[in-house]
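Here is a short briefing on one protein chain. Take a look at the sequence and the structure first, then read on.

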Amino acid sequence: MFDELLEPVHNGEWELKNFLRKHGYKVVDVSDNPKYWNKDIDLLISKDGGKEIAIEVKYDNRINTTGNLFLEIANPRSKNGEGWFNFTQARYLFYGDSVAKLFYVIDMWKLREYMKTRHHCYRKTCTTDNSVGYLVPIANAPIICSVEV
C-alpha cells in the first residue's frame, strides 16, 4: 500500500490503476522504470497470483469528439523515430477517453494484425509535436471491451 503512494501520477494511468485495484488486480507501475521505456509498457497486472500481463496506457482528450484512435507510427523523440504502435511490447492497450472517463481494451496482437491489411484504408495525420499516426475509428478497431473508470 505504501508503494502505491510513491507511484508516479500520470493522467489516465492513475485512474486505470485505481480501477484495476478495485477489481482485484495487483498493479505494478513501471512507467518511470527505464527498463520498460524501450518496450513502451506502463503497467504490469496480475490477478489471483496468475501470469503478469503488460499494459500500455494512452489517455486521449480528442477521441471523444473525433471517434478515432491515434496509432502513432513515427515520433521524432523516440528511439529510431518509431511510434509506440511499432515497438510497444504490451499485450494489451488500454486507450482512454479522458472526457467520457472510459478505456477501450484492445489486444495489441489483434490490432497489429488488423492494421497489417488495412492501414492503407486509414488517413495518416501529424500532431502538433510532429508525431505521425493513423486515425482509426473506434467502431473499426478490434476492441475487447470498454470499462468506465
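Start with tyrosine 134, which is buried, with a relative accessible area of 10%. Its place is in strand S8. Keep in mind that this is a predicted model.

**Around tyrosine 134**

- What does tyrosine 134 touch, leaving aside its neighbours within four places in sequence? Its contacts are Leu69, Phe70, Leu71, Ile73, Met115, His119, Tyr122, Arg123 and Lys124.
- Tyrosine 134 and asparagine 68 are 66 residues apart in sequence. In space, their C-alpha atoms are 9.1 Å apart.
- Tyrosine 134 counts as buried because its relative accessible area of 10% falls under the 20% cut-off.

**The whole chain**

- The protein chain has six helices and nine strands.
- Its radius of gyration is 15 Å, close to the 15 Å that the globule rule gives for 149 residues, so the chain is as compact as a globular protein of that length.
- The C-alpha trace spans about 45 × 30 × 25 Å along its principal axes.
- Of the 149 residues in the protein chain, 46% are buried.
- Take the contacts in the protein chain with a separation of 6 or more: 54% of them join residues 24 or more positions apart.
- The accessible surface of the protein chain is about 8500 Å². Carbon and sulfur atoms account for 51% of that surface.
- The protein chain carries 20 positive and 20 negative charges.

**Aromatic pairs**

- How many aromatic pairs does the structure hold? There are three.
- One of them joins tyrosine 59 and phenylalanine 103, and this pair is stacked. The rings are 5.5 Å apart, centre to centre, with 20° between the planes.
- This pair links distant parts of the chain. Tyrosine 59 is in strand S3 (residues 53-60), and phenylalanine 103 is in strand S6 (residues 102-107). The two are 44 residues apart.
- Are the two partners buried or exposed? Tyrosine 59 is partly exposed, with a relative accessible area of 23%. Phenylalanine 103 is buried, at 0%.
- Tyrosine 114 and tyrosine 122 also form an aromatic pair, and this one is tilted. The distance is 6.3 Å centre to centre, and the angle between the planes is 35°.
- Both tyrosine 114 and tyrosine 122 are buried. Tyr122 is also among the contacts of tyrosine 134.

**Helix H2**

- Helix H2 covers residues 13-22 and is mostly covered. Seven of its 10 residues are buried.
- Which residues of H2 are buried? They are Glu13, Glu15, Leu16, Lys17, Phe19, Leu20 and Arg21.
- An α-helix has 3.6 residues a turn, so residues three or four places apart point the same way.

- Most residues other than glycine have a negative phi.
- Aspartate 48 has a positive phi, near 55°. Its place is in the loop between strand S2 (43-47) and S3.
- Why does aspartate 48 count as exposed? Its relative accessibility is 75%, and exposed means over 50%.
- Asparagine 130 also has a positive phi, near 70°. It is found in the loop between strand S7 (124-126) and strand S8 (132-137).

- Threonine 128 lies in the loop between S7 and S8. It is exposed, with a relative accessible area of 85%.
- Threonine 128 and cysteine 145 are 17 residues apart along the chain. Their C-alpha atoms are separated by 30 Å.
- Asparagine 33 sits in the loop between strand S1 (25-29) and helix H3 (34-37). At 30% relative accessibility, asparagine 33 counts as partly exposed.
- How are asparagine 33 and threonine 117 placed? They are 84 residues apart along the chain, and 34 Å separates their C-alpha atoms.

Methods. Residues are numbered from 1 along each chain as its sequence is written. This is a predicted model: local features need pLDDT of at least 70, side-chain atom pairs count only at pLDDT 80 or more; totals for chains, interfaces and linings use all residues. Side-chain values use heavy atoms; hydrogens and water are left out. Helices (H or I, at least four residues) and strands (E, at least two) are DSSP runs, numbered from the N terminus. The radius of gyration is taken over C-alpha atoms; the globule rule is 2.2 Å times the number of residues to the power 0.38. Buried means under 20% relative accessible area, exposed over 50%, partly exposed in between (1.4 Å probe, protein chains only). Contact means heavy atoms within 4.5 Å. Accessible areas come from the Shrake-Rupley method with a 1.4 Å probe; for residues, only the protein chains shown count as cover. Lys and Arg count as positive and Asp and Glu as negative; His and the chain ends are not counted. The place of a charge is taken as NZ of Lys, CZ of Arg, CG of Asp or CD of Glu. Rings of Phe, Tyr and Trp (its six-membered ring) pair if their centres lie within 6.5 Å; planes under 30 degrees apart count as stacked, over 60 as edge-to-face and the rest as tilted.
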